[in-house]
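Here is a short briefing on a protein model. Please keep the sequence and the 3D view open as you read.

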Amino acid sequence: MASKFGLAGGIPERRVRQIWEAIDSRQFKNALKLSSVLLSKYPNSPYALALKALILERMGKSDEALSICLNAKELLYKNESLLMDDLTLSTLQIVFQRLDHLDLATGCYEYASGKFPNNLELMMGLFNCYVREYSFVKQQQTAIKMYKLVGEERFLLWAVCSIQLQVFCGNGGEKLLLLAEGLLKKHVASHSLHEPEALIVYISILEQQAKYGDALEILSGKLGSLLMIEVDKLRIQGRLLAKSGDYAAGANIYQKILELCPDDWECFLHYLGCLLEDDSSWSNRVNGELVHLPNFVDCTVSHLTDEVLNCRLSNASAFVQKFQVDASNCFIRGPHLAILEIQRRRHLYGKKNYDEIMEALIQYFFKFGHLACFTSDVELFLQVLCPDQKMEFLEKLMKSTTHPLTTIPTKVLGLSITVFKIQQLIGNIDKLPVVEHEAFAAQMVEMYWKNLPLSKDLDPQESMHGEELLSMTCNVLVQLYWRTRHLGYIMDAIMVLEFGLAIRQYVWQYKILLVHLYSHLGALSLAYEWYKSLDVKNILMETVSHHILPHMLQSPLWVDLSNLLKDYLRFMDDHFRESADLTFLAYRHRNYSKVIEFVQFKERLQRSNQYLVARVEASILQLKQKTDNIEEEEGILESLNCGIHFVELSNEIRSKNLTFNEDFQSRPWWTPFPEKNYLLGPFEGISYCPKENMTEEREENVRRVIERKSLLPRMIYLTIQSASVSLKENAEVNGSVSEPKISSELKFLLERYAKLLGSSLTDAIEVVMGVSTGLKSSEAFGSDMVDWLNFAVFLNAWNLNSHELSQPGGDQCVHIWHNVDALLYKYISEKTRSMESLICTPRGHLPTLVQLVTEPLAWHGLVLQSCVRSSLPSGKKKKKGGPSEHSTSLLCNTIRDSIDSSRDIVEEVAKWITDQIKRPEDEVVEIILSYLRKTGQGEGPGQVFQLLESFTSSVVDEVELGSRIPQAVKLWSPVDVARKIVTGSSTVLSEFLRICELKIKSLRALKQQMAQV
Amino acid sequence: MTTIRRFCCNDLLRFASVNFDHLTETFNMSFYMTYLARWPDYFHVAEGPGNKIMGYIMGKVEGQGESWHGHVTAVTVATEYRRQQLAKKLMNLLEDISDQIDKAYFVDLFVRASNTPAIKMYEKLGYVIYRRVLRYYSGEEDGLDMRKALSRDVEKKSIIPLKRPVTPDELEYD
């Protein structure tokens, strides 16, 4: 607070203190009152005005605030005698920034700095303005001026950072780095450097120019002592040496680091890289675009002779073994895994050393097999083994657990879990008979239950021993579902997870699995409940929304979807707004490397594919929500600038370098990324579904989606216009029926839309007509059915106005209309008829049906509304000279038919939904539970569920399990779980029904209106 | 198997599996970035093979005179990597930086009074309960202010427990 006070604009501190206090405590009305008093005394004080503007802006009165600010700015410019103090300017700056007028704030500071050229405070304010505007060149110029004025190191570094930003994030060429280097060199010669971060920047400037030798010289000189953490210095040295090609010296440095930090895996890889003269471990790091790196260690085939290679790897082995001995009593995994990596490299370079690899793996298992991370640690090394060897390894592990090396129960459990995991990873479980596959799942649940006593004294917040067994069981059960298509296994899996959550409610791994299982079952509202319990907020919205967002986008849960999108977009936009201030904070605290990092991070988020998709989808959702009321729809369109910005986005998307920040690690095996769900396809064997890195394919797909969807708002706008013009009495005004601009723009967009569907406009029209009349198979639509139907609807609207496909007054116009009606009927009504009960057919056609009703059919509803509105008598005499009586009445009849047809379609959907909802809840609950009731001894789902039931019904010993676990077990109810599933899918259906009912109502009203025409 | 290095912005995109833990708060961006902009040496991440994030620590250094101290704002380890003393390694790192680079007198941290496992862990690491802060967490739950003296506090004055609890208003720092 204190810094806000002073003699700003000649006003004493005591007069403003109260106002600031009122603002800080959000008492804006009081603040406004006090500010009026102040203004009565100082009516022409820019500071007093700026304060008032600040209060008004906080009260939401943006226009008033802006006008007062502009007034203050004018006074500031006019009055020569007034002081240009930073307090006035910074107050104005805050308001201008909040009103999205950064340029005006910058203007004030530019003016002030021009007037008082040697005022450092004002220059810093100006620099800050340029930081906010990301004007790197002007930042640099201002920083240099400050540096020249006071000669301080920090201002030089501000300038250097601004230069780096021009190179990395702007249009500056790499030659600019030479300038930065020159500036630093000169300063170092005369003043040296005093901040460790300054040295890091200096080195990075040299490194970016590949001047590794110069950088090393500086680092080993006097300046090197600025880096107080020895390891940090060594790491830089090692990297520079390796990059310069001096691998021998690099290896020595990395040895030193490993002596200090024997567990440093990255350093060990660099050490190996140096020994084998392989620079892939550095070039991989340079590629900063990928934040989620694939789980493998990059290496290239060595150019070294076998003899040299063997010798060096033996040296590495000896070096690492030394640490193994030193670290034998602690938890350091590094040296042990390093041996494995050395063996793997030997193997990659052609040596048949399977025995050594196997031995190293077994040793690692003996040492760390009980750890939860064992399997992910060794995954990479197992890949080297052939299938038989993998099985041999597994057998060895299984044998070892029959006589475990330890008697500590938690460790014994850990070892058994690891064996299960390895079995899942390499054991070809799906090749076993189903009954054994099932038994595998049952064993894991039994093990979980048997080991619960180990956790009886743990705090409920702590993770329990053996918790992962239930996630693993779920994974096996879903495999069984994929293999047999028996829905009971999915129910089994759900019961297992719900059981686990009843015992401890905090296990996020179970929750994520449930989100996906419930989504798959169509109980999306239940999936969303579990998703919400994960408390996904702030930056996690960028990285883990993918668990739910794609499902929600295809659902009728519009309120939840709208909240999801709004929260996410607000988070991103807030960050874009505040990021520059945080960058300035890094400047002020002399953490220069963070300056670059912050700007690059903001850019990364701005280019996020998910952010762009969310922006488009949020607008489309708004449009979908208002399709039953054309006036409200037009209001939304107006707020979206009639879709123009989105067309621009669509135009630009090809040239944008999108980022993919989603973290897919936590996704279940059956859907490694949102576009893939193995369960929807035929069973291919478990080893068929690796968590592949599909970035390139996804990127192309996302671009296509954004490009296409971004066209929708504009096409909807033009569609309404086009339909309206087709019947309007504007014919009286200029005698022309069509409005050429609308028509040509819509045609242009139709051409683009068709192109995105892989066709020319002519071909696309032919496809649509062919499919609607049955001359072409609907396979022509491929997986883009919704988009093709959208295209057909927009095509019809365009044709109403352009008549390019027909002569005015001809029947072609209504012909297309009939075809569109037929298409909508074919795809919606027929799909509805083929729908079965949701619980019986997971993920069925519901998402597509929802999309068909809320997109093409809804847009077609807008065409109808627009036509009806235009054809209603407006009180004037009947039109003359417009479309002929014949064609008008033909069109009116077509409209009437189309209204009836659309209503019939929606009524049919509504009827199906009602039938679904109407089913007695107990009946559906019973169906779900019947999946789980095992009859006889043969294979089939329910075995795991019955185990759970037997656990819960057995007498629970409080001595053995403590008090909390038995209580939780008693409260667990499978019937409640089944009931939740039923409610979950009913909620989705009810929402869909609500949407349909509104459409029916709107279509009925339209029919009545048409009766007046 | 653990690389401990400075936390960077991109790590925010990779720490989901750590932050899914219900006791690990996901703060807003300006919170993380303020820590990165002001105290980058106090924000470290531990990375395992396959570049997986194992855990991280964030903290700061602040105070006047003999209250100049390191502060642990958050320390957390992913479920998969627990029971390997990783939290200890991260805490030791922050303590070393406070002690050797910033010459602080002590390191402190706040913990929910109900979070017994965490309290036990901090006690094992040499922290003592310095004072109780009434209704520190959202005006509901009490917090415990735990401290560990560093080498500069030769007489260990900084960790002599206060006899009475304090209210959040009485805290010197946020």
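In this predicted model, 41 residues of chain B are in contact with 48 residues of chain A. Contact here means that the C-beta atoms of two residues, placed from the backbone, lie within 7 Å.

**Chain B side of the interface**
- α1 (16-19), α2 (29-38) and α4 (116-124) of chain B are the elements that each give two or more residues to the side touching chain A.
- Helices are DSSP runs (H or I, at least four residues), as are strands (E, at least two), and both are numbered from the N terminus.
- α2(B) supplies the largest share of this side, 7 residues.
- The side of chain B that touches chain A holds 18 nonpolar, 18 polar and 5 charged residues.
- Ala, Val, Leu, Ile, Met, Phe, Trp, Tyr, Cys and Pro count as nonpolar; Asp, Glu, Lys and Arg count as charged; the others, Gly among them, count as polar.

**Annotated regions**
- UniProt, in an unreviewed entry, lists "domain: N-acetyltransferase" for residues 2-151 of chain B.
- That stretch of chain B is 26% helix and 36% strand, with its end C-alpha atoms 27 Å apart.
- Residues 231-264 of chain A are 82% helix and 0% strand, and the end C-alpha atoms are 11 Å apart.
- UniProt positions follow the numbering used here, feature names are shortened, and annotations may be inferred rather than shown by experiment.

**Reading the model**
- Residues are numbered from 1 along each chain as its sequence is written, and chains are lettered from A and ligands numbered from 1 in the order in which they are written.
- Local features need pLDDT of at least 70, side-chain atom pairs count only at pLDDT 80 or more, and totals for chains, interfaces and linings use all residues.
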